[in-house]
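Trainee: I would like to learn how to read a metal site and a chain interface. Could you walk me through an example?

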Amino acid sequence: MTVATIFFTVLYYAAAAIFVVGMVVKIASFVRTPAPLKIPTPPAPTTTGGVLLRMLREIVLFQSLFKSNRWIWFLGILFHASLLLVLTRHLFGFLQPTWFWAVWVQTYFPYAGFVMVAALVGLWGRRFLVERIRYISTYSDHLMLALLVGIGASGLAMRFIEDTDLVTMKAFFIGLMSFDLQPLPVQLGLYIHLLLVALLMIVFPFSKLLHVPGVFFSPSRNQTDDPRAKRHLAPWAAKLEKT
Amino acid sequence: MTGPKKIEAPALRQSTAVAALQPDAMAGLKCYVANEKIQQAIGLPGKLAADWQETHDAAIAKMGELLGKYRSLKVFMDACVHCGACTDKCHYFIGTGDPKNMPVARQDLMRSVYRRYFTEAGKLFPDLVGARDLSKEVLDEWYTYYWQCSECRRCSVFCPFGIDTAEVTMAARHILDTVGYGQKYTNEIIGKVNNIGNNLGLSGPALQNTLEGLEEDLKEDTGLDIKFPLDVQGAEVLLITPSADFFAEPHIESLIGYGKVFHAAGISWTLSSHASEFGNFGLFNGDYEMMRKVALRVRKAALELGVKRIVVGECGHAWRVAYSFWNTLTGIGAGADDPFAVQLQSQLDHRYKQPAHICELTWDLIQQGRIKFDKSANDHRIITFHDSCNVARGSRMGDAPGGQFEIPRNIIRAVANKYVEMPQGTTREATFCCGGGGGLLTDELLELRVKGALPRMEALQQVVDQQGVNFMATICAICKAQFTKVLPYYNHKMSMVGGVHQLVSTAIRLGDK
Ligand code: HEM
Ligand code: SF4
Ligand code: SF4
């Protein structure tokens with residue numbers, strides 16, 4: 001067992017724990033907090049089915065963003081879609097056997113990683129070039145993009161420069177998930193990639209990446225527009241009627 | 001000596017390209033702070049504590065409380081990715097160029113404090129994530145810029161996560177209120193409505209006089225006995241309308257319109273001296289209990305008068321409260337099974353929507369053929385329609401989504417021949433606020449109001465130039481008051497703005513029914 005193997009083993013258990021606990025705590029707080037008033041942004045659906053469709057359009061197509069700003073929409077869709085493809089391709093490293101559709105993505109989208117990095121660079125460029133967005137950007141906004149570009153670039157380097165030993169690596173991760181320690185290949189690009197991914201998992205529940213659970217809980221998007229037909233009362237508000 | 005600053009309207013833009021930022025352009029414009037008497041009259045601390053620490057702790061505690069009570073606030077604080085899509089969507093930013101009037105920057109005034117006190121990242125690395133301590137300067141900045149937001153929700157439409165700056169503004173104002181830093185205009189009015197029954201402080205007898213005067217004038221004009229009944233027990237409809245309708249121009253023309261509709265359709269109706277105000281400025285402060293208290297007057301009046309239907313007049317923010325919140329706050333609505341709400345709901349006639357907008361009532365009557373019009377009576381007008389932000393983005397009318405856009409337009413087309421739309425992107429859910437909503441309709445904010453009206457004035461100018469529009473109809477008392485004041489700055493006549501029921505009033509057939 002090398003030091004690196006032990007280090008990454010501990011790091012990934014810690015990162016996974018922080019990610020899971022952090023997200024569960026955050027999502028639980030979203031669930032627990034009531035929405036006392038009906039505030040869907042009109043024109044809003046009047047039925048639950050309509051709300052599901054609206055949410056689907058927001059999550060898959062970024063509908064509101066499309067109406068709002070075509071550049072951000074284009075780069076945003078490009079980034080998220082290629083991220084999705086890249087993540088799917090990664091299933092290969094964790095599953096034995098790999099699902100057929102993941103293999104399909106693996107085969108037909110070999111360059112998704114390049115698109116992802118390009119889209120991130122585009123989004124990052126806006127933070128410098130557009131005065132309004134420069135004004136609102138914090139260090140953490142830049143660092144988040146740097147982190148993702150770093151993950152993408154080191155991942156691409158592993159594939160196209162370093163020729164990583166994927167078989168050993170897969171054994172390491174499957175070992176991690178079954179609590180059966182396996183050695184990690186010795187490769188610098190791989191170490192950097194793994195380090196940054198662990199960092200992403202750790203910061204996820206404490207950063208703006210909370211937009212991922214957030215998008216599902218936004219009352220202006222997920223409420224039905226039926227306040228006259230049904231009485232909507234939060235528990236804390238109902239107490240006012242008892243006094 | 002410097003005289004009052006002369007306010008000039010910004011030049012209409014030739015293209016929609018966004019101009020350069022003007023940092024702090026509006027930092028000096030702060031509306032009047034409520035005095036102790038005003039604050040205490042509505043149960044709020046009179047002024048800021050002498051000891052800053054006390055104010056600081058109270059503000060943070062209130063913020064924590066609101067984060068636990070409002071999912072909107074909590075999710076909106078966490079979910080913003082600083083993508084910038086909302087940055088050019090606010091009329092106050094467009095009109096002033098002040099970057100703190102960009103929706104996300106306005107939210108960040110609070111988000112920075114949220115991060116510092118309520119997130120691990122902000123506690124450990126404040127500079128990294130843009131977190132900051134709550135200081136007196138920060139609180140002053142809140143006051144300045146949260147009172148430069150009209151809570152119009154335009155930004156929410158365009159945010160990929162629906163983040164609604166209005167919710168943040170309301171929370172900030174609520175916090176400011178509870179540390180003794182309220183706004184004079186809004187809090188004074190809430191005091192009046194609670195003590196006297198309406199925002200203008202019009203007493204019961206004075207209201208009676210006004211209405212009788214109106215009946216006499218109409219008798220002279222039309223030869224008919226068109227009534228404006230007050231406190232009539234057992235009337236079918238209770239009409240709740242903004243008190244500006246009782247005497248302000250052009251508001252009163254719409255009140256006459258409602259009276260004519262009821263007269264022509266033969267519906268018995270009444271106003272209430274106890275609840276002679278539709279406006280509910282509790283909304284502007286984001287204070288649930290304050291809003292509830294104002295709304296409960298309507299519940300009480302409805303129960304006392306034994307009415308079957310509750311119908312409301314032309315007012316934007318109040319229609320948002322009525323449509324979206326009344327059922328929650330007071331049980332005016334349908335579909336409840338708790339004793340509090342059922343007491344009222346069992347009295348109401350559920351063949352009709354409860355509450356109903358006067359436009360819904362009028363449109364139903366038009367469709368049933370129960371009221372008729374001489375459309376040519378409006379031929380001197382070329383009409384366009386300004387969607388008021390709170391109607392467009394805070395409510396609905398009729399049965400289908402978007403009814404709040406269609407029904408007023410349908411009425412206009414039914415009563416007039418010449419109607420044109422303003423450019424796309426400035427109407428319906430993308431409408432621009434008039435510039436005076438959300439508690440900003442006060443003279444010391446006139447500069448903001450004039451500048452904030454810019455996008456609407458640009459759209460109007462286009463239809464004036466191209467189609468000769470000479471009348472902009474709207475269904476909001478604040479829009480009417482704001483435009484009356486602001487139109488002259490853009491070289492239009494103030495009489496250009498009026499209500500939808502003003503048009504109804506002009507064309508409705510009364511005699512030959
Ligand atoms: C339910 C899934 C998701 C939805 C609906 C979603 C939606 C969005 C939207 C609409 C934006 C704004 C447009 C843009 O800047 O791209 C955004 C930004 C962003 N998203 Fe997501 N996202 C999702 C998942 C993720 C995941 C899993 C990650 C990363 C691990 C991620 C990382 C980011 C980042 C870093 C930004 C900011 C980009 C910038 O700085 O300009 N998103 N997301
Ligand atoms: S709610 Fe309206 S006024 Fe307030 S920030 Fe959003 S767009 Fe501007
Ligand atoms: S559009 Fe929404 S997510 Fe993007 S910066 Fe504005 S508030 Fe934040």
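Trainee: What geometry does the site of the iron atom of ligand 1 have?

Mentor: Start with the ideal case: six octahedral donors have angles of 90 or 180 degrees. Bear in mind that this model is predicted. Here the iron atom of ligand 1 has 6 donor atoms with angles of 87 to 179° among them, and the site is octahedral.

Trainee: Which residues coordinate the iron atom of ligand 1?

Mentor: H80(A) and H211(A) do, each through NE2, at 1.9 to 2.1 Å. The two lie 131 residues apart and link distant parts of the chain: H80(A) belongs to helix α4 (residues 70–90) of chain A, and H211(A) to helix α11 (residues 211–217) of chain A.

Trainee: Is H211(A) buried or exposed?

Mentor: H211(A) has 13% relative accessibility, so it counts as buried. H80(A), at 31%, counts as partly exposed.

Trainee: Now the interface. What is the area buried between chain A and chain B?

Mentor: Interface size is often given as the accessible area lost when the parts come together. For chain A and chain B it is about 5800 Å², with carbon and sulfur atoms giving 60%. R132(A), R228(A) and R231(A) supply 16% of the area that chain A buries against chain B, more than any other three residues. The contact takes 60 residues from chain A and 85 residues from chain B.

How values were computed: Residues are numbered from 1 along each chain as its sequence is written. Chains are lettered from A and ligands numbered from 1 in the order in which they are written. This is a predicted model: local features need pLDDT of at least 70, side-chain atom pairs count only at pLDDT 80 or more; totals for chains, interfaces and linings use all residues. Side-chain values use heavy atoms; hydrogens and water are left out. Donors are N, O and S atoms within 2.8 Å of the metal (3.2 Å for Na, K and Ca); water is not among the atoms, so sites may look incomplete. Four donors count as tetrahedral if all angles lie between 85 and 135 degrees; four count as square planar and six as octahedral if opposite donors are over 155 degrees apart and all others between 65 and 115; anything else is irregular. Helices (H or I, at least four residues) and strands (E, at least two) are DSSP runs, numbered from the N terminus. Buried means under 20% relative accessible area, exposed over 50%, partly exposed in between (1.4 Å probe, protein chains only). Contact means heavy atoms within 4.5 Å. Buried area is the accessible area (1.4 Å probe) that two parts lose on being put together, summed over both.
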